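Here are my notes for your first look at this one. Have the chain open while you read, and take the points in order.

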Amino acid sequence: PCAAICGGWKTCGSMPAPHAPISRILLVLLVPGQIIFVYTICVLNSDVMPTPLFLLAYTLASFCQVFLLLYLCQILVYWMWSRGSDPDNAAIPYLTAIGDLLGTGFLAVAFIFLSVMSDPTLDHMQMGHFNETMEADIHSAMNTTLSPL
């Protein structure tokens, strides 16, 4: 089963897995890509720098999601080929739906973990969102009470 990701290594046996090196490259590129993504969002949107714990939780959630998707992709595509279906047309909807489900689940677990650990990045992000929402509510309340009939 692990040949889909680490095929060709001696610990996984000698099963040929032609797509395993590509999967490993995607997993390696995931880490710097997600760190750049988090820093870009934090700088552009919230003016808060993430803590190392936040980066670790977010990157771990992303890594688990992509790892499982790559593994399921190998299984699903070979299964569809064996049944005579075109995986290009049939596998993509399943993989995107599973990716959305896994991503939401892993992010929920990561944010629950960060909340339990009292990560200051979450506190700053929540306060920024709360202040923007409260300010919008105050402006809308003032506009409705001060507007002429």
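1. Start with S62. Setting aside neighbours within four places in sequence, S62 is in contact with L30 and Q34, where contact means heavy atoms within 4.5 Å. S62 lies in helix α3. Is S62 buried or exposed? S62 is buried, as its relative accessible area is 8%; buried means under 20% relative accessible area, exposed over 50%, and partly exposed in between, using a 1.4 Å probe and protein chains only.

2. A word on what you're looking at. This is a predicted model, in which local features need pLDDT of at least 70 and side-chain atom pairs count only at pLDDT 80 or more, while totals for chains, interfaces and linings use all residues. Residues are numbered from 1 along each chain as its sequence is written, and side-chain values use heavy atoms, with hydrogens and water left out.

3. Now the overall layout. The protein chain has five helices and zero strands, so reading from the N terminus gives α-α-α-α-α. Helices (H or I, at least four residues) and strands (E, at least two) are DSSP runs, numbered from the N terminus. Of the 149 residues in the protein chain, 28% are buried. Take the contacts between residues at least 6 apart in sequence: 56% of them join residues at least 24 apart.

4. Next, the inside. The largest nonpolar core has ten residues: V38, C42, F54, L55, A57, Y58, A61, A110, L114 and L122. (A nonpolar core is a set of buried Ala, Val, Leu, Ile, Met, Phe, Trp, Tyr and Cys residues joined through side-chain atoms within 4.5 Å.) Two or more residues of this core come from each of α2 (20-46), α3 (52-83) and α4 (87-116). The largest share, five residues, is from α3. A second, separate core has seven residues, including L69, V77, M80 and L95.

5. L122 belongs to that largest core. Which residues is L122 in contact with, leaving aside neighbours within four places in sequence? They are F54, F111, L114 and S115.

6. How do α3 and α4 pack? Their angle is about 155°, and their axes are 9 Å apart. Axes here are lines fitted to C-alpha atoms, for helices over the stretch in contact, and angles run from 0 to 180 degrees between N-to-C directions. The two helices α3 and α4 are therefore roughly antiparallel, a label for angles over 145 degrees. The residues of the contact of α3 with α4 divide into 27 nonpolar, three polar and no charged. For that count, Ala, Val, Leu, Ile, Met, Phe, Trp, Tyr, Cys and Pro are nonpolar, Asp, Glu, Lys and Arg are charged, and the others, Gly among them, are polar.

7. M49 lies in the loop between α2 and α3 and is partly exposed, with a relative accessible area of 49%. Leaving aside neighbours within four places in sequence, M49 is in contact with Y39, V43 and T121. The C-alpha atoms of M49 and H124 are separated by 9.4 Å, though these residues are 75 apart along the chain.

8. Last, S118. You'll find S118 in the loop between α4 and α5 (120-146), exposed at a relative accessible area of 52%. Its backbone deserves a look: phi of S118 is near 55°, a positive value in a residue other than glycine. Most residues other than glycine have a negative phi.

Notes
Angles under 35 degrees count as roughly parallel, over 145 as roughly antiparallel, 65 to 115 as roughly perpendicular and the rest as oblique.
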